[in-house]
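I opened the model and went through it residue by residue and helix by helix. My notes follow.

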Amino acid sequence: MSLLDVRDLTVRFPTVKGPVLAVDGLSYHLEPGEIVSLVGESGCGKSVGIQTLLGLQGPRAKISGSARFDGEELLGASERKLTSIRGKQMACVFQDPMSSLNPVVTVGKQVAEVLRRHRGLSASKARLRVIDLFERVGIPAPAQRYSAYPHEMSGGMRQRVMIAMAIACEPRLLLADEPTTALDVTIQAGILELLKELRESTGMAVLLVTHDLGVVADIADRVIVMYAGRKVEEAGVRALFNDPQHQYTRLLLEAIPRRGTRSGGEDRRLRGIPGTVPTLYDSPDACTFAGRCPIASDRCRTERPGFTEVVAGQAVACWNPGDRPTVTGTGAGR
Amino acid sequence: MRLLARAGSALITLLIAVAVVFLGVRALPGDPAVALVGQEGDPAALEAVRRQYGLDQPIAVQFVKYLEQIVTGNLGTSVRTGLPVSEVIAGAIPVTLELAVVSMSVAVAIGVTTGVIAALGRGRLIGRLVGVAALIGLSVPAFWLGLMAILVFAILIPILPASGFVPIGDDPVAHVTHLVLPALVLGSAFASVIMRQTRAAMLEALTTDYVRTATAKGLSRWQVVVKHALRNSLIVVVTVVGLQLGTLIAGAVVTEQVFVIPGFGKLMIDAVTTRDYPLIQGVVLITATAYIVINLLTDLLYSVIDPRVRVTSGSAA
């Protein structure tokens, strides 16, 4: 049995223009100890997709589908059930460590709260444990830091506090929602290293949401590429980087900035993908990427591609998997 | 250092307030000497009274003299009663202060609780009910509410005294029962203000990332609301309470009139209607001082609730 098994997750948010489809039939699974990355542009439904798992998406979202954690259904679970899972079995690290910590409570207390809640520790025992945790996540002078307020710490340190909070009860699954996006590159590397280390030492699985393929290459075992609320490709990290099957994945990889020039002497300018992620009100009977795809055919615009395995361990939702644009270099504009 | 600067600006504010009142009172029509001696008073007696209170001197001289007196703690002599102004005020202040503190406590208790309920129950019946109740509390004039309260609780169901004030030394039980209605009436409008501010602050706090973090930790709804959302919302509440407390001290006028309480508000009205210049000046001086002191205290309270305001904090980010 998978640790996490999400099937056909669909999330809609009501707006004045009608319900917006944020996640459209997303299915994936996660095994114990695995690091899986959900990748996609801003607004493709990645964050919503994982926040719904813990019921953090707010009361207005309409959710359907199934998400089983260790065999137990999470969607529509009682608040009581969810509070016993949150922070204990499944913990979260969020994107912005500046705003994710309560500004008027000391960081030590905020971490201690988790232990007091789930482990029933006394204040003094929780304090010792928190200092241990701070040390483990690489916060210098942990005992002094216990009584610091968030505004007295740097972004990287605050994110370490968030991680300490998340791992306090040794959860089996860590949901990391863009944990390094708000941080400097040098700090990023440290945080990723820490996550890997924690995976090794505790055996927890990590579901990492990011738009940064550099982060993915660094840490993930398996990658799920999302576009406009749908999963478009899923593969092992090596396969995905070596041989992307979906045009969106390929363009994402090409958009990674590299330094210097290519061997052919061609100028390496920054590349983007023309267009933006569409806001969907209905699930269209088409490939949602067709509008931006360099090799889209008529079929792509009238029929939704199913999700099929092209080679072992690599699956894609595309009518022309693995194809390349016929004229090289015109696919991606800038 | 910051406190010193605040105290300095407070002093200047106070000086301006004193000057404005001093001039304002003298710009009003009516002669206090006439008020004292009577319309058909003997011109010689009028002259004597004017000289006695320094009213015959130029305004600038009167002002400087007045300032000198204030500094030495002498607020002058009440024209009407002949008693020292400081003594008259000192007699009225404890009464009003007690009324204000009790009303404000009632208002905070009711306002914060209902504000939280309104925020949590937004879009549901309970949230709307609280909102309507707050609007009523805010819109109903104090004098009407006071009269209705007297009608219901003192006359129809005579469980509380209708008016008056009993010093705590005379009869502690009567002291408390006499305070109940005025405190409720005075507090109701402020409860509404606090409720609305609490509700707004809570609604904002509930959407913040740190509240999401608190929820993701597995804390119960109650813990999330009280320990995380409410604690941050209280910063706003403290500001409102601080601002309103000044208003309460000066603004118990109507309530004190209705319930015949010998407090500061009643004193103020009496002073104005009898053109008791020294007393008016003293009353305003004390009111201004009260406002300024309360503002200072509010500032200090911030730093207790919000650590980001503690500028002296040693460690840096």
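**Entry 1: Ile59 of chain B**

I looked up Ile59(B) and found it exposed, because 11 C-beta neighbours lie inside 10 Å. The classes I use are buried for 20 or more other C-beta atoms within 10 Å of a residue's own, exposed for 12 or fewer, and partly exposed in between, with C-beta atoms placed from the backbone. Ile59(B) sits in helix H4 of chain B. I also took its C-alpha to C-alpha distance to Arg26(B), which is 8.6 Å across 33 residues of sequence.

For the record, this is a predicted model, in which local features need pLDDT of at least 70 and side-chain atom pairs count only at pLDDT 80 or more, while totals for chains, interfaces and linings use all residues. Residues are numbered from 1 along each chain as its sequence is written, and chains are lettered from A and ligands numbered from 1 in the order in which they are written.

**Entry 2: chain B overall**

I counted 13 helices and 0 strands in chain B. Helices (H or I, at least four residues) and strands (E, at least two) are DSSP runs numbered from the N terminus. The C-alpha trace of chain B spans about 85 × 60 × 35 Å along its principal axes. Of its 317 residues, 37% count as buried. Among the contacts in chain B with a separation of 6 or more, 72% join residues 24 or more positions apart. A contact here means two C-beta atoms, placed from the backbone, within 7 Å.

**Entry 3: the two domains of chain B**

Chain B is divided into domain 1 (2-71) and domain 2 (91-309), with bounds from an automatic or database domain assignment. I noted 33 Å between the C-alpha centres of the two domains. Their contact uses 14 residues from domain 1 and 12 residues from domain 2. On the domain 1 side, the elements that give two or more residues are H1 (2-27), H2 (32-37) and H4 (59-71) of chain B. H1(B) gives the largest share, 9 residues. By class, that side has 11 nonpolar, 2 polar and 1 charged residues. I count Ala, Val, Leu, Ile, Met, Phe, Trp, Tyr, Cys and Pro as nonpolar, Asp, Glu, Lys and Arg as charged, and the others, Gly among them, as polar.

**Entry 4: chain B against chain A**

I found 24 residues of chain B in contact with 28 residues of chain A. On the chain B side, helices H9 (209-216) and H10 (221-251) are the elements that give two or more residues. The largest share, 7 residues, comes from H9(B). The chain B side divides into 8 nonpolar, 9 polar and 7 charged residues.

**Entry 5: two helix pairs**

Axes are lines fitted to C-alpha atoms, for helices over the stretch in contact, and angles run from 0 to 180 degrees between N-to-C directions. The cut-offs are under 35 degrees for roughly parallel, over 145 for roughly antiparallel, 65 to 115 for roughly perpendicular, and oblique for the rest. Val88(B), Ile89(B), Ala92(B), Ile93(B) and Thr96(B) in H5(B) meet Phe264(B), Gly265(B) and Leu267(B) in H12(B). This contact has 6 nonpolar, 2 polar and no charged residues.

In chain A, the axes of H6 (residues 155-167) and H7 (residues 185-202) come within 10 Å and cross at roughly 15 degrees. H6(A) and H7(A) are therefore roughly parallel to each other. Residues of H6(A) in the contact include Gly155(A), Gly156(A) and Gln159(A), and those of H7(A) include Ile187(A) and Gly190(A). The contact has 6 nonpolar, 5 polar and no charged residues.

**Entry 6: loops of chain A**

Which residues does Leu280(A) contact, leaving aside its neighbours within four places in sequence? I listed Val20(A), Leu21(A), Asp24(A), Ala228(A), Gly229(A) and Thr288(A). Leu280(A) lies in the loop between H10 (247-254) and H11 (298-302) of chain A, and is partly exposed, with 18 other C-beta atoms within 10 Å.

Ala228(A) is in the loop between strands E9 (222-227) and E10 (230-236) of chain A. Ala228(A) counts as buried, because 27 C-beta neighbours lie inside 10 Å. Its phi is near 45 degrees, a positive value in a residue other than glycine. Most residues other than glycine have a negative phi.
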